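Subject: Structure handover

Hello,

Here is the structure we spoke about. My notes on its core and helix packing follow below.

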Amino acid sequence: MTSRPTIATEITNLFATRNTHAVEVAVLQPADPFLDMAGEDLRRRIFLTESETGKTLCLRPEFTIPVCLDHIASQAGTPRRYSYLGEVFRQRREGGNEFFQAGIEDLGDRNTAEADARSLADAHALLQLVLPGHPLAIMLGDQTIFESVLAALGLPRGWRMRLARAFGSAPMLQAALADLANPPRNGQLDGDVAALVLDGDLEALSAHIAGGMEEAGLLASGGRAPADIARRLIEKAELRSVRLSNEAFAALKDFLAIDVPLDGASAALESFAASAGLSLGAALEKFAARARAIEAHGLPAKTIRYDAAFGRPLDYYTGIVFEIAAEGGERPLAGGGRYDRLLTLLGAKTPIPGVGFSVWLDRIEALRGEPQ
């Protein structure tokens, strides 16, 4: 076990002043929620194990999902703010595989602009406390704005989902955009399957796949059902059939190129929408309300940047995403965002909005010159 960070007491004392409930969650967690809802970057770094009953478990790779699961199990009321400080376990490109994180998860506040601003302000205050004198750089993105642009451009649901999943991963987004600009031809299907896929005949394609599986001695119960395979093949064909007009593709590229200080971001987005002839009304209103709330918290809007192509590689984010780094630093010290669909997906009976952040304590200690 790694030793508890020397700054832990300072951080927990700060959390106590922020109206949070300190929580501890189990180190061993059910693996399925992370495998289903976390981003690919996290999924492939998880340490998996198995219980005596054969249930797949993992060492806690982050805190957001476990805190939300515990909140649902406890049937606690909302709004409610949880704070944590503890170890997480995942394979990393740099540093140890066992390290400390701290953060706040803010659940149930319906004033999303204020909750978003408060989360960013809390993360910024924590870093200012433990890194006095270190200039900080804040980067914001917005999943809602991105998805609104995709919808306004008239992209079908399948393409919107693929691009939304790629948000936060530059290589995935570039690959998706390349396919959208020049849809790849599919030469891998045999004639009968290709014809059924082209017709979109789900029933006939399912029967054809089932017959092939039976002939090959493959049991459907041992893998994906023929209907699922058929549905996926038809969906892929539909994606390949879509090609954006040159004007729409240029508009999407123009949007992704927006990178401005936050105090000019609303105007930049309004100008983009007007020039592209797109209606982004509700999303733009929420964006502007959040920008005002951030400024009201005393955060320096002129030094906060909004990058339209910026996301974080976790699949559960739905709105604001942000990272805070030391000025000139390559690695984030804090990261967070909004995840309004997550608790419902985890089993909550009614929708519960959520926003939160976590900080990497080992990176902070390295900046402070403390031994790791």
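The largest nonpolar core holds 71 residues, and Leu127, Leu163, Phe255 and Tyr306 have the most contacts inside it. A nonpolar core here is a set of buried Ala, Val, Leu, Ile, Met, Phe, Trp, Tyr and Cys residues joined through side-chain atoms within 4.5 Å. Buried means under 20% relative accessible area (1.4 Å probe, protein chains only). Helix α5 (residues 112-130) gives this core its largest share, seven residues. Another core lies apart from it, with 30 residues, including Val25 and Trp360.

This is a predicted model: local features need pLDDT of at least 70, side-chain atom pairs count only at pLDDT 80 or more, and totals for chains, interfaces and linings use all residues. Numbering starts from 1 along each chain as its sequence is written, and side-chain values use heavy atoms, with hydrogens and water left out.

Now the helices (DSSP runs of H or I, at least four residues, numbered from the N terminus). The axes of α6 (residues 143-152) and α14 (residues 281-296) come within 9 Å and cross at roughly 160 degrees. That makes α6 roughly antiparallel to α14 (over 145 degrees). Axes are lines fitted to C-alpha atoms over the stretch in contact, with angles from 0 to 180 degrees between N-to-C directions. Thr144, Ile145 and Ser148 of α6 meet Ala283, Leu284 and Phe287 of α14, contact being heavy atoms within 4.5 Å.

The axes of α5 and α14 come within 8 Å and cross at roughly 45 degrees.

Best wishes

Definitions and conventions. Helices (H or I, at least four residues) and strands (E, at least two) are DSSP runs, numbered from the N terminus. Angles under 35 degrees count as roughly parallel, over 145 as roughly antiparallel, 65 to 115 as roughly perpendicular and the rest as oblique. Buried means under 20% relative accessible area, exposed over 50%, partly exposed in between (1.4 Å probe, protein chains only).
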